[in-house]
Amino acid sequence: MKQFSVAILGFGTVGTGVYRVLTENAADITHREQIAIEVKRILVKGFDCEPNIGLAPRELFCTSIDEIVASDVDIVVECMGGVNPARSFILKCLEAGKTIVTSNKEVISKHWYEFEAAAKKTGAGLYYEATVGGGIPILRTITDSMQANNITRVMGIINGTTNYILTKMSEEGREFGDVLKEAQLLGYAEANPTADIEGFDATYKLSILSSMAFHAHMPIDVIHREGITGLTKDDFKAAKQLGYEIKLLAIGKKEGNRIEVRVHPTMVPNTHPLASVRGVFNAIFLTGHAVDDVMLYGRGAGCLPTASAVVSDVIYACHHDGEHRYMTFKNEAEMTPDIELNKNFSSIYCLRISVLDRPGTLAEVAKTLAKHNVSLKDVLQLGDDAADNNSKSITFMTHEAHEFDVQAALEDLRALPCVFAIESVIRAEN
Ligand code: HSE
């Protein structure tokens with residue numbers, strides 16, 4: 001029977017989960033897969049500052065990456081997170097011919113091309129299923145189970161923290177700041193929540209997801225990104241009256257060689273399966289030209305769910321020892337050259353505008369939108385009047401319109417004397 005040895009870099013939430021699954025499930029894995037996988041080393045920053053050191057035999061721990069690089073371990077599992085020192089540790093291991101399995105979406109989305117070049121050079125493997133959707137088996141579904149298809153769309157909820165906050169705002173009618181504080185107390189949001197609430201985490205994941213789905217490198221800097229910090233309970237009130245939920249969606253669409261990639265709050269009809277994804281759960285929709293729609297749902301983070309994806313990668317790597325697969329698109333720092341980035345994507349828009357309550361206001365707003373080819377589908381006045389009796393908050397739902405047209409229309413609307421403020425602009429998907 002083939003024997004494989006593993007080193008784990010980092011022994012926090014994910015690292016301890018990987019150790020647990022590899023050791024507690026070792027007999028079953030060996031029985032089913034006919035391979036034996038042993039954890040030989042665990043890298044920590046220091047023995048005194050490591051809170052989880054009691055969870056594994058003391059002799060497994062070390063503090064030097066060079067010791068791991070020089071050892072005979074076959075597979076190195078990186079679960080430290082962040083770019084430094086993860087990037088240099090991964091490169092050292094790949095250059096030494098050791099296969100890397102990682103759950104680190106930030107380092108993969110920023111340095112993927114470097115890692116892949118280093119892996120190809122030494123024939124090492126590079127696996128990162130856990131970087132998108134945590135325990136949801138999304139990446140291998142794309143590369144192994146849907147490879148007969150041209151994938152034309154990826155769309156999903158790929159950040160659990162923001163989905164928890166948006167679920168609470170929707171169901172309990174609460175404001176963003178209040179729910180964020182609660183999420184931090186419960187451990188669902190970090191003390192510094194920027195990466196989640198400003199959409200960076202979802203952008204890292206969409207970069208990996210869309211690159212694999214569309215077979216073209218889509219770096220993070222080409223992704224349109226908006227977070228959830230501007231959403232208010234009035235946005236949820238308007239969305240509900242129109243029959244929608246608001247979710248932070250990651251969206252990628254491909255038509256010919258044109259690709260659009262965006263992360264922003266999005267209204268989805270409450271009959272859509274993504275509308276019922278509550279709390280910290282994730283869900284991802286894929287559309288293939290042959291299979292049509294596929295949706296995967298599950299836990300996007302956490303100790304054992306993430307370890308599920310990481311350990312599956314370890315097993316996959318063992319089975320492909322000496323014949324690892326790499327991406328066949330040109331994986332470079334920049335976007336794949338023959339792709340055209342579609343920044344002028346089309347969408348439905350929900351515009352909440354505070355206007356002067358006098359005859360002719362609606363006509364002026366509609367005329368300005370029409371001048372920019374933005375056609376109205378629904379107009380809704382919220383029940384509550386603003387404090388000032390002369391102002392009303394009106395919600396306009398458009399038909400499909402182009403991003404540049406809508407931005408130009410908003411510019412003109414801001415200049416109208418009857419418009420006090422554009423309170424919110426939320427895109428919608430059907
Ligand atoms: N913070 C992320 C989330 C998990 O809330 O989904 C790690 O990417």
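Lys 392 counts as buried because its relative accessibility is 12%, where buried stands for under 20% relative accessible area, exposed for over 50% and partly exposed for values in between (1.4 Å probe, protein chains only). This residue is placed in strand 16, which covers residues 391-398; strands (E, at least two residues) and helices (H or I, at least four residues) are DSSP runs numbered from the N terminus. The side chain of Lys 392 forms a polar contact of 3.3 Å with the side chain of Asp 357, a polar contact being a pair of N or O atoms within 3.5 Å, of which, within protein, one must be able to donate a hydrogen and the other to accept it, with residues adjacent in sequence counted only if both atoms are side-chain atoms.

The model is predicted, and local features were required to have pLDDT of at least 70 and side-chain atom pairs pLDDT 80 or more, whereas totals for chains, interfaces and linings use all residues. Residues are numbered from 1 along each chain as its sequence is written, and side-chain values use heavy atoms, with hydrogens and water left out.

The ligand is surrounded by Lys 105, Asn 159, Gly 160, Thr 161, Asp 196, Asp 201, Lys 205 and Ala 301, a residue being assigned to these surroundings if one of its heavy atoms lies within 4 Å. By class, this shell consists of four charged, three polar and one nonpolar residue, with Asp, Glu, Lys and Arg taken as charged, Ala, Val, Leu, Ile, Met, Phe, Trp, Tyr, Cys and Pro as nonpolar, and the others, Gly among them, as polar. Helix 7 (160-172) and helix 10 (200-214) each contribute at least two residues to the shell. Oxygen atoms of the ligand take part in several of the pairings: one lies 3.0 Å from an N or O atom in the side chain of Lys 105, one lies 2.7 Å from a polar backbone atom of Gly 160, and one lies 2.6 Å from a polar side-chain atom of Thr 161. Taken alone, the ligand exposes 260 Å², of which the protein buries 81%, these areas being derived by the Shrake-Rupley method with a 1.4 Å probe.

Two residues of the loop between helix 13 (361-371) and strand 15 (376-381) were examined, one of them being His 372. Asn 373, in the loop between helix 13 and strand 15, is exposed, with a relative accessible area of 59%, and has a positive phi of about 65° although it is not a glycine.

A positive phi, of about 60°, is likewise found at His 215, which is not a glycine. His 215 is placed in the loop between helix 10 and strand 8 (224-225) and counts as partly exposed at 42% relative accessibility. The peptide bond from Asn 84 to Pro 85 is cis, with omega near 5°, and Pro 85 is found in the loop between strand 4 (75-78) and helix 4 (86-95). Most residues other than glycine have a negative phi, and most peptide bonds are trans.

Asn 257, in the loop between strand 9 (244-255) and strand 10 (258-269), is partly exposed, with a relative accessible area of 38%. Asn 257 and Val 355 are 98 residues apart in sequence, and their C-alpha atoms are 41 Å apart in space.
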